[in-house]
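This briefing is intended for a reader who wishes to relate computed geometric features to the coordinates.

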Amino acid sequence: MKDNSSIDRFRESIQTGIPETLPAAYQYDPDVNHAPKRKQILTPDEEKLALRNALRYFDPKHHELLLTEFKEELNTYGRIYMYRFMPEYEMKARNIADYPAQSQQAAGIMLMIQNNLDHAVAQHPHELITYGGNGAVFSNWAQYLLTMKYLSEMTDEQTLVMYSGHPMGLFPSHQMAPRCVVTNGMMIPNYSQQDDWEKFNALGVTQYGQMTAGSFMYIGPQGIVHGTTITVLNAFRKIKESPTGNIFVTSGLGGMSGAQPKAGNIAGCITICAEMNPKAVHTRHSQGWVDVVINNTADLIKRVQKAQAAKETVSIAYEGNIVHVWEALDEAQIHISIGSDQTSLHNPWAGGYYPADLSFEESNLMMSNQPDQFKIEVQKSLRRHVEAINKHTEKGTYFFDYGNAFLLESSRAHADIAGVGKEFRYSSYVQDIMGPMCFDYGFGPFRWVCASNDPEDLKKTDQIATRVLEQLSKEAPERIQQQMQDNIKWIKGAQENRLVVGSQARILYADTTGRIEIARAFNKAIAAGKIGPVVLGRDHHDVSGTDSPYRETSNIYDGSRFTADMAIQNVIGDSFRGATWVSIHNGGGVGWGEVINGGFGMVIDGSQESEKKLESMLFWDVNNGIARRNWARNENAVFTIKKAMETNPNLKVTIPNLVSDDLIDKVEPAGDKSLTIY
């Protein structure tokens, strides 16, 4: 039974926003996984500006006290988090009906914000960081309080404008407009280096929203586990080996990387995943996402040999450095079938990657107190890391970059990573697997969240999605039957695999037709009273959402992978086709200045209006990217966009004309010849 008094207190707190009376001072909780201290990068004058920026949220009568407190935070942590204003209520997704709201769409946004900051979900919850070491929902707690207050007051004739965590305010709009428009880190291009993020984030004027952190669509490690499972399965298929009894080595047990051991279990292999942070190891082990924890290489070797002999499916968390794992397995002559890395190398100098010769504690001290030396240690470790990987690949290991900037940062560290006739020695998983096998066909990480927060609703949506996919598979083209069957197997096993962390959410790789038909079926079930409202969304790591030359668009070979038209067009198009909220970010996944990515959220309520919106928006949201991949001459995308034009006569896309290789090969290189103008 619900505690109505507790709900009333929660609603009242949300509606209060920034309180008139100061809450009690913050007591540091050592049991919480905190963000590492950021390096001191501001000049004395910039420190004053950061304090002035922070204090503008508060009544001047509090400025003197808060000035001292915020200065201490800036000195201690390198940021002003405003810990004092962290709410006392439990941070978690609730039933959408429990939120104080005039707009159900606004309540859906509140639910998703709180899910992103749930202690079971967020990597550094007290610092408002969801995953990736610096992927923030907000920069400080005043922004959170003010945003939730605005959402509680919003009508369906208003739109909340969010500038890098700061709620600029409610603006008049209309019912078809998004209820919220989010931008994160949208820097002028010449101010998008790593130290620019450190500086402007410390000033409180921008933030790193990662991908689904700052767009309120993170659903815990489940958010990537399906894509990881597909990647692992297809990596084994690529090398023509069975997962059974064979080894997958990787690293990272944080937000997105925490999905790897679970995916390995689903695929049926032996997974070894290294992680330096003991709290991250404990979290994933306690949540059942990893089976065994080992903290020394001798025991690791014995456990792996036992698993190989028994052809066991098991995931092992190695509490320590990944470099030591690669080296120990080489010394023990243990064959690794597939290998990768998913440390947060988009954030290499502030906790995203830990050097092999330093402990976790030593690294955290050095990165803030001796940042230049820490960079030297990271790059030295990357060179050693690559050297160890190269020894294994020479013996037959298949290694791929997992979209975390491993190859890019290793090349910048002058590791032996250069390729022959190509940029890098190894391909990214998008180049080899996800691009040609999924994105070019329109398959990507479709998500939904049951806004009732009822596990029974999630179970029903799983059943609905299964029925839809099984029906669609009967008429699907032969070339996508493998994808269809993988996805049907996935959704059928979703309940058994215990994927939920935080909100009652699900992820399912689906193409355009699959997404629309599943969403339409949900909407009908809502209208019939079988389930409550549903929030639709996706990872930015998708067909259309992200322009990232070393990840999502790494299999674009026409020279346009360094452009960002697709992501910008995606968000603009979603915004007028029915999305409840849209977001566009700089820096998600592979690093600040390296990518532009966009996402959406959509609350469906069973109405005819919801059906019109989902049909219009989801069709665009996928086919925008397929059209671009088609124009890049990706064969599977050409096939897919032609099929899309057959189903919708209003879609007319330019198809590329292919040029003969023999003809192009006849062109003589210009060399050093001077240009002659006629």
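**Aromatic contacts and overview**

F10 and Y89 are both buried, where buried means under 20% relative accessible area, exposed over 50% and partly exposed in between (1.4 Å probe, protein chains only). The model is predicted, so local features need pLDDT of at least 70 and side-chain atom pairs count only at pLDDT 80 or more, whereas totals for chains, interfaces and linings use all residues. Residues are numbered from 1 along each chain as its sequence is written, and side-chain values use heavy atoms, with hydrogens and water left out.

- The count of aromatic pairs is 28; rings of Phe, Tyr and Trp (its six-membered ring) pair if their centres lie within 6.5 Å, with planes under 30 degrees apart counted as stacked, over 60 as edge-to-face and the rest as tilted.
- The ring centres of F10 and Y89 are 5.0 Å apart and the planes stand at 85 degrees, so this pair is edge-to-face.
- Helices (H or I, at least four residues) and strands (E, at least two) are DSSP runs, numbered from the N terminus.
- Y26, Y28, Y77, Y81 and Y83 are linked into a cluster by ring pairs.

**The parallel sheet**

- An open sheet is formed by 6 strands in the order β8-β9-β7-β6-β10-β11, with parallel pairing.
- The edges are β8 (292–294) and β11 (398–399); each has a single partner strand, so one side of each is left without a neighbour in the sheet.
- Two strands pair if DSSP finds at least two bridges between them.
- Strand β8 pairs with β9 (residues 314–319) in the parallel sense over 3 bridges, and I294 stands opposite Y318 in β9.
- In strand β6 (residues 247–251), 5 of the 5 residues are buried, so β6 is largely enclosed by the rest of the structure.
- From β6, I247, V249 and S251 point one way, while F248 and T250 point the other way.
- Strand β6 runs parallel to β7 (residues 270–275), joined by 5 bridges; the bridge partner of T250 in β7 is C273.
- Strand β6 also pairs with β10 (residues 338–339) in the parallel sense over 2 bridges, with V249 opposite G339.

**Cysteines**

- The model contains 0 disulfides, a disulfide being a pair of cysteine sulfur atoms within 2.5 Å.
- For C269, the closest cysteine sulfur is that of C273, 11 Å away, which is too far for a bond.
- C269 is buried, at a relative accessible area of 0%, and C273 is likewise buried at 0%.

**Cavities and pockets**

- On a 1 Å grid over the protein atoms alone, a cavity is a set of points where a 1.4 Å probe fits but cannot get out, and a pocket is an open set with protein on both sides within 12 Å along at least five of seven lines; lining residues have an atom within 4 Å of a point.
- The largest cavity has 23 lining residues, with R79, I80, S139, N201 and G204 nearest its centre.
- Helices α2 (44–55) and α6 (194–202) each supply at least two residues of that lining.
- The second largest pocket holds about 810 Å³ and is lined by 31 residues, of which F10, S13, P87, E88 and Y89 lie nearest its centre.
- Helix α1 (residues 4–16) gives the largest share of this pocket lining, 7 residues.

Notes: Points joined across faces, edges and corners; volume = space filled by probe spheres on them.
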